[in-house]
Amino acid sequence: PYEMAFNAQINQVLCINAGRKGDLRQARALLKQMLKDDKNFDYLDQIYFRLGETESRDRNWAKAVEYYNLSLRNSKGNKDQMAGTYLALADYYFGAQRFEKAGLYYDSAVGVLPRENANYNSIAAKSQMLGELVRHLAVIREQDSLLRLAADPVLLERTVDRLVALDRERQQQQQNQPAPPPPPPGGVQGDPMAGGAAAFPFYNAALRARGYNEFIRLWGQRENRDYWRLKNKRTMAESGNPGGGGTGNDTVRSDEVIPPGIPPDRRRYYTGIPFSEKGKADAREKIAQAMVGAGNVYREKLQDCKQANEMYRSFLNRFAGHSLEPQVLFNTVKCARMNDDKNEAVKYEKLLAEKYPSSTYVAVLRQQEQQDSLGSKPVTDGDADKVEALYRSMYAAFRSGNYPEVLRLRAQADKEY
């Protein structure tokens, strides 16, 4: 059968790629010749993937990404190939420290990988970790955008005008689609809307099947629930979890009052925009929590202090005096020490001591300085993490109104640190 001949050609390419770098031109030529063969129409996804691998070996990353995307666009439902392509893109973006994009591709890979795959658990864990970062960054962008719309009436009107125009264009396209053929006399057996609603696409078995197959080809099996595009869905904040961010469901604020004079057909476009002072305060709080959450993912899970510090500094510039500021200043000092940036560490340690002299974080830093000066064993990152966990517990108790627990934890902190 032809499949054997095709696999033989692919194996030939693999052998060439495993050879000298100069042989890559031969691999490219063979793969591009295979693209022209009509018999390979059902194998285009595999050919484009191999072209992407060839360019990756030559460190031609832009061309590799282009071929990987062509592999996905020409997919014929081969889940193994889709998983391989998603992982190739995810690994590229992860290596380039473009973690948000990497997270989306790891998530897509988890969606098509079988659970019995040997690498499933490690890929799922990485997807979950990056998914947390993606959700934090999405909250920051979304709430910032909503605040800008609320503060700029001209921008708001232009945005609503654009949304209205897009909706009208979609409606016009739907109206211009050719109507399906009329049903047979008496309607289709089993069709609950026979005759009267034949134009509705979901009662057309052929259209429904085509749409279903196309969805499965692109996304794999997904549960019928909100946020189906993300395989791993966890709430961004649990009660009392500082730096936890917010959830997408928090966007719609039912208590927001839409400005008067808005025509009824445009009112739905204003839903979720924080016009009131309370709404704006809520939006800013979500941004603050998400910034700390994103910074913590960068620092703790990705070991990327550069991006963590960028997020922490943005927080400090925007939210001076926030209840999470001591934690952010402490984490910034830790990042500076990890990078051996003594000037940066001294700067933020001094700021922490000036603004929050009685903070547990200050006590930990002073204890470490004392031990360093005596030449004894310094406070480890594990000790610092325990302090941070203790602070989180105190903050959770405070948020829930459990003030005796706050006092107990404070006493424990004073005794131990």
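The entries below go from the overall make-up of the chain to single residues.

**Entry 1: overall make-up**

I note at the start that this is a predicted model. I looked up the secondary structure and found 16 helices and 0 strands in the chain. I then checked burial: 42% of the 417 residues are buried. For contacts between residues at least 6 apart in sequence, I found that 57% join residues at least 24 apart.

**Entry 2: confidence**

I looked up the mean pLDDT of the chain, and it is 79, with 74% of the residues at 70 or more.

In soluble globular proteins, nonpolar side chains tend to be buried together. The largest core here has 66 residues, and the members that touch the most others are L133, Y298, L302, F315 and L352. Helix α7 (residues 120–151) gives the most to this core, contributing 10 residues.

**Entry 3: aromatic rings and lysines**

How many aromatic pairs does a search of the whole structure find? My search gave 13. I picked F6 and Y43: their ring centres are 4.3 Å apart and their planes meet at 20 degrees, so the pair is stacked. F6 is in helix α1 (residues 2–17) and Y43 is in the loop between α2 (24–35) and α3 (44–57), so this pair, 37 residues apart, links distant parts of the chain. Both F6 and Y43 are buried. I also found one aromatic cluster formed by W61, Y86, Y92, Y93 and Y105.

Two lysines went into the notebook as well. K76 lies over the face of F41, 4.6 Å from the ring centre. K126 lies over the face of F94, at 4.5 Å from the ring centre.

**Entry 4: helix α4**

I checked the span of helix α4 (residues 61–73). At 1.5 Å a residue, its 13 residues should span 18 Å, and the end C-alpha atoms are 18 Å apart, which agrees. The buried residues of α4 are A64, V65, Y67, Y68, L70, S71 and L72.

Is G293 buried or exposed? G293 has a relative accessible area of 3%, under the 20% cut-off, so I list G293 as buried. I found G293 in helix α10 (residues 277–301). From G293 to Y312 I noted 9.7 Å, C-alpha to C-alpha, for a separation of 19 residues in sequence.

I finished with A413, which lies in helix α16 (residues 403–416). A413 counts as buried, at 2% relative accessibility. Setting aside residues up to four places away in sequence, A413 touches T360 and L390. The C-alpha atoms of A413 and Y361 are separated by 9.9 Å, and these residues are 52 apart along the chain.

How values were computed: Residues numbered from 1 in each chain as written. Predicted model: local features only at pLDDT ≥ 70, side-chain atom pairs only at ≥ 80, totals over all residues. Heavy atoms only, no water. Core = buried A, V, L, I, M, F, W, Y, C linked by side-chain atoms within 4.5 Å. Buried < 20%, exposed > 50% of the residue type's maximum accessible area, 1.4 Å probe, protein only. Helix = DSSP H or I, 4+ residues; strand = E, 2+ residues; numbered from the N terminus. Expected span 1.5 Å × (residues − 1). Phe/Tyr/Trp six-rings, centres within 6.5 Å; stacked < 30°, edge-to-face > 60°. Lys NZ or Arg CZ within 6 Å of the ring centre and 35° of its normal. pLDDT = per-residue confidence, 0-100. Contact = heavy atoms within 4.5 Å.
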